[in-house]
Amino acid sequence: MPARIDKTVVSGVFSLDGQDFDVDNNVWLVGDDETVLVIDAPHDAAPILAAVGGRTLGAIVLTHGHNDHITAAVALREATGAPIWFNPEDRMLWDVVHPDAAPDHDLVEGTTFDVAGTQLVAMHTPGHSPGSTCLYAPELDTVFTGDTLFCGGPGATGRSYSDKPTILNSIQERLLTLPGETVVKTGHGDDTVVADEVDNIH
């Protein structure tokens, strides 16, 4: 039986380029009753720990370095002992939030995670940030896209370290080539499927 996917939403503030925005972040938990992997660690560790429950947390995987996806990562690591996986191309963003702590492992193209008999594969999809990374779980017909692809189109590219042609290329070459029925679980907002986003990428 493949892993199940749980979701918890954590609210807080996204800060970049001197501006603050109130946001609701999706945290994805992939696993079973024994072990789990967490995708993104926004704002506050407490609700994420509550969602993990009594399970063993095997990894904290961060889709990119914006503060609203990584703020709780170090506290979550301290509470559980789970290692943090992070793309080094976003280290300049990490260092603003966590100047006195470092991730444990580099999250790069092709990094794989096995949890509850299910494999997730890292896909480097720069554009929203240089290190933005999606996680594809073929057995679950699901891709976790962080802020690269949303229901309705690509993630924002109007801020530091982001680039619209790059994100469009990442989506077209890496995400829209996945099976059309693949469920897209995003960093904010509702799910979508790959086929429904083809006409939204331009």
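This is a predicted model: local features need pLDDT of at least 70, side-chain atom pairs count only at pLDDT 80 or more; totals for chains, interfaces and linings use all residues.

Residues are numbered from 1 along each chain as its sequence is written, and side-chain values use heavy atoms, with hydrogens and water left out.

**Exercise 1.** Find the salt bridge between Asp6 and Arg55 and say which parts of the chain it links.

*Solution.* 
- Step 1: Recall the rule: a salt bridge is a side-chain nitrogen of Lys or Arg within 4 Å of a carboxyl oxygen of Asp or Glu.
- Step 2: Check the distance: for Asp6 and Arg55 it is 3.5 Å, N to O.
- Step 3: Helices (H or I, at least four residues) and strands (E, at least two) are DSSP runs, numbered from the N terminus.
- Step 4: Buried means under 20% relative accessible area, exposed over 50%, and partly exposed in between (1.4 Å probe, protein chains only).

**Exercise 2.** Work out where Arg91 and Asp95 lie, and whether each is buried or partly exposed.

*Solution.* 
- Step 1: The closest N and O atoms of this salt bridge are 2.8 Å apart.
- Step 2: Both residues sit in helix H4, 4 residues apart, or about one turn of the helix.
- Step 3: Arg91 has a relative accessible area of 33% and is partly exposed; Asp95, at 34%, is partly exposed too.
- Step 4: Now look at a network: salt bridges with shared partners join Arg4, Asp6, Asp33 and Arg55.

**Exercise 3.** Describe the largest pocket by volume and lining.

*Solution.* 
- Step 1: On a 1 Å grid over the protein atoms alone, a pocket is an open set of points where a 1.4 Å probe fits, with protein on both sides within 12 Å along at least five of seven lines.
- Step 2: The volume, the space filled by probe spheres set on the points, is about 240 Å³.
- Step 3: Its lining (residues with an atom within 4 Å of a point) has 13 residues, with Phe14, His128, Asp147, Ala156 and His188 nearest the centre.
- Step 4: By class, the lining has 5 nonpolar, 5 polar and 3 charged residues.

Methods: Ala, Val, Leu, Ile, Met, Phe, Trp, Tyr, Cys and Pro count as nonpolar, Asp, Glu, Lys and Arg as charged, and the others, Gly among them, as polar.
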